[in-house]
Amino acid sequence: MYTHIKIKKDPYIWPSWIVTYEGHTIGSAHSLQIARMAADFAVAHVKDINPANLCASYLVTHVLEDMRSIGYQQFWTPQRVATMATAA
């Protein structure tokens, strides 16, 4: 199942590994390994919810909770939800 979740590197910002869902930033990581873990969590959440009800803020919240539960919150920077709402 293709979920439209991508990881890309942006050398002009820090942390530089950006995880996105359909063009909306979920968050960024300090390393590729952490970004992959966050992307795996995002894929799991995409599969759990009806796509019509899915939005980037849902993923931001739930991926952050998952990263906290495994103790990697210090390596993960979630996208601010208020910023996403005004950018959309």
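In helix α1, Ile 34, Ala 35, Ala 38, Ala 39, Ala 42, His 45 and Val 46 are buried. Buried means under 20% relative accessible area, exposed over 50%, and partly exposed in between, with a 1.4 Å probe and protein chains only. The arc is that of the directions from the helix axis to the C-beta atoms. An α-helix has 3.6 residues a turn, so residues three or four places apart point the same way. The face of α1 turned away from the buried side carries the exposed residues Gln 33, Asp 40, Lys 47 and Asp 48.

The model is predicted: local features need pLDDT of at least 70, side-chain atom pairs count only at pLDDT 80 or more, and totals for chains, interfaces and linings use all residues. Residues are numbered from 1 along each chain as its sequence is written, and side-chain values use heavy atoms, with hydrogens and water left out.

The protein chain holds three helices and four strands. Helices (H or I, at least four residues) and strands (E, at least two) are DSSP runs, numbered from the N terminus. From that terminus on, the order of elements is β-β-β-α-α-β-α. The protein chain has 88 residues, and buried residues make up 34% of them. Its accessible surface comes to about 5400 Å². Carbon and sulfur atoms account for 54% of this surface. Accessible areas come from the Shrake-Rupley method with a 1.4 Å probe; for residues, only the protein chains shown count as cover.

Helix α1 has 17 residues. Its first and last C-alpha atoms are 24 Å apart, close to the 24 Å expected at 1.5 Å a residue. The expected span is 1.5 Å times one less than the number of residues in the helix. The buried residues of α1 pack against β1 (5-9), β2, β3, α2 and β4 (76-78). Contact here means heavy atoms within 4.5 Å.

Helix α2 can be described in the same terms. Its 14 residues should span 20 Å at 1.5 Å a residue, and its end C-alpha atoms are 20 Å apart, which agrees. In α2, the buried residues are Ala 56, Leu 59, Val 60, Val 63, Leu 64, Asp 66 and Met 67. They cover an arc of only 165° around the axis, which puts them on the same side of α2. Arg 68 and Ser 69 are exposed on the other side of α2. Just after α2, Gly 71 takes a positive phi of about 85°.

The largest nonpolar core has 19 residues. Such a core is a set of buried Ala, Val, Leu, Ile, Met, Phe, Trp, Tyr and Cys residues joined through side-chain atoms within 4.5 Å. Ile 5, Val 19, Tyr 21, Ile 26, Val 63 and Trp 76 have the most contacts inside this core. At least two core residues come from each of β2 (17-21), β3 (24-29), α1 (32-48) and α2 (56-69). Helix α1 gives the most, with six residues. In soluble globular proteins, nonpolar side chains tend to be buried together. Ile 26 illustrates the packing. Leaving aside neighbours within four places in sequence, Ile 26 is in contact with residues including Val 19, Tyr 21, Ala 42, Leu 59, Val 63 and Trp 76.

The strands come next. β1 and β2 pair in the antiparallel sense over five bridges. Two strands pair if DSSP finds at least two bridges between them. Lys 8 has Ile 18 in β2 as its bridge partner. Five bridges also join β2 to β3, and these strands run antiparallel. Here Val 19 has Gly 27 in β3 as its bridge partner. β2 and β3 form a hairpin with two residues between them. In the turn, Glu 22 has a positive phi of about 50°.

Four of the five residues of β2 are buried, so this strand is largely enclosed by the rest of the structure. Thr 20 lies in β2 and is buried, with a relative accessible area of 8%. Beyond its neighbours within four places in sequence, Thr 20 is in contact with His 4, Ile 5, Lys 6, Lys 8, Thr 25 and Ile 26.

His 4 is found in the segment before β1. At 35% relative accessibility, His 4 counts as partly exposed. His 4 and Tyr 21 are 17 residues apart in sequence, but 5.6 Å apart in space, C-alpha to C-alpha. Apart from its neighbours within four places in sequence, His 4 is in contact with Thr 20, Tyr 21 and Glu 22.
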